[in-house]
Amino acid sequence: MSDVLNIALPKGRLGERVYGLFERAGFGCPGALDKGRKLIFENEALGLRCFWVKPSDVPIYVERGAADIGAAGRDILLEYGPDVYELLDLRTGVCRMAVAALEDFRDNPERTLRVATEFPNIAQGYYAGRGRDIDIIPLRGSIELAPILGLSDVIVDIVETGTTLRENRLHVLDTVADLSARLIANKAGLKFKGGRIHEVMRGLEAEIK
Ligand code: PRP
């Protein structure tokens, strides 16, 4: 079916919460939460096709039109700046991007600040706005280790409950951005499948608390 609506969902906890919204709104794809290895799930009656991808890949699928719509964390959208429409705040996965450091950290403005992060563009933008020279230490996880081991002065990372920071004697110095999951759409797709996309959007809106 050529007018199938393709939906890119981020694998993992956030994606499962977002998928719950789709399901409650009546736009589920049978089997999508099964624990097998299958990646694509169809709802033939409604002409929907859901697929799970790495969270940071969702904007690529949507920007290039392999997916008509998708759900992505605002962190991913700020970091990669994809050319897509942001349609809706799904108000799940609510957290923030923050600068954090060890409790006894004191900034020395004379020295280049070493910033460990999975989000180099967000960190660069934040410090550029403050005229602060930084050295990015790009990491792929367990960012909180960097200041503890002396690899960085601060981190720019996602804080949800604050437990990870607390348990590692780190604390928030500043909030960089408020985050949550967003519904995004391919720009051409919104023209050609606008009716269907808006139907899904309205359904999701009604389920958002
Ligand atoms: C994220 C983030 C923090 C943690 C914050 O990591 O990078 O480490 O969650 O959550 P908290 O404030 O509730 O403790 P995630 O679990 O997604 O794994 P990652 O380290 O692989 O990114």
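**Close-up views of the ligand site and pockets**

View 1. A polar side-chain atom of E144 lies 2.7 Å from a ligand oxygen atom. In the side chain of T161, an N or O atom is 2.5 Å from an oxygen atom of the ligand. G162 uses a backbone N or O atom, 2.7 Å from a ligand oxygen. Polar contacts are pairs of N or O atoms within 3.5 Å. The model is predicted, so local features need pLDDT of at least 70 and side-chain atom pairs pLDDT 80 or more, while totals for chains, interfaces and linings use all residues. Residues are numbered from 1 along each chain as its sequence is written, and side-chain values use heavy atoms, without hydrogens and water.

**View 2. The shell around the ligand.** Residues around the ligand (a heavy atom within 4 Å) include E118, S142, D157 and T164. The shell divides into two nonpolar, five polar and four charged residues. Strand β9 gives the largest share, three residues. Strands are DSSP runs of E, at least two residues; helices are runs of H or I, at least four.

**View 3. The largest pocket.** The ligand takes up the space of the largest pocket. A pocket is an open set of points on a 1 Å grid over the protein atoms alone, where a 1.4 Å probe fits, with protein on both sides within 12 Å along at least five of seven lines; lining residues have an atom within 4 Å of a point. The volume is about 980 Å³. Among the 33 lining residues, R13, D75, E118, F119 and I158 are closest to the centre. Helix α3 gives the most to the lining, four residues.

Terms used
A polar contact is a pair of N or O atoms within 3.5 Å; within protein, one must be able to donate a hydrogen and the other to accept it, and residues adjacent in sequence count only if both atoms are side-chain atoms. A molecule sits in a cavity or pocket if more than half of its atoms lie within 2 Å of its grid points. Ala, Val, Leu, Ile, Met, Phe, Trp, Tyr, Cys and Pro count as nonpolar, Asp, Glu, Lys and Arg as charged, and the others, Gly among them, as polar. Grid points are joined across faces, edges and corners, and a volume is the space filled by probe spheres set on the points.
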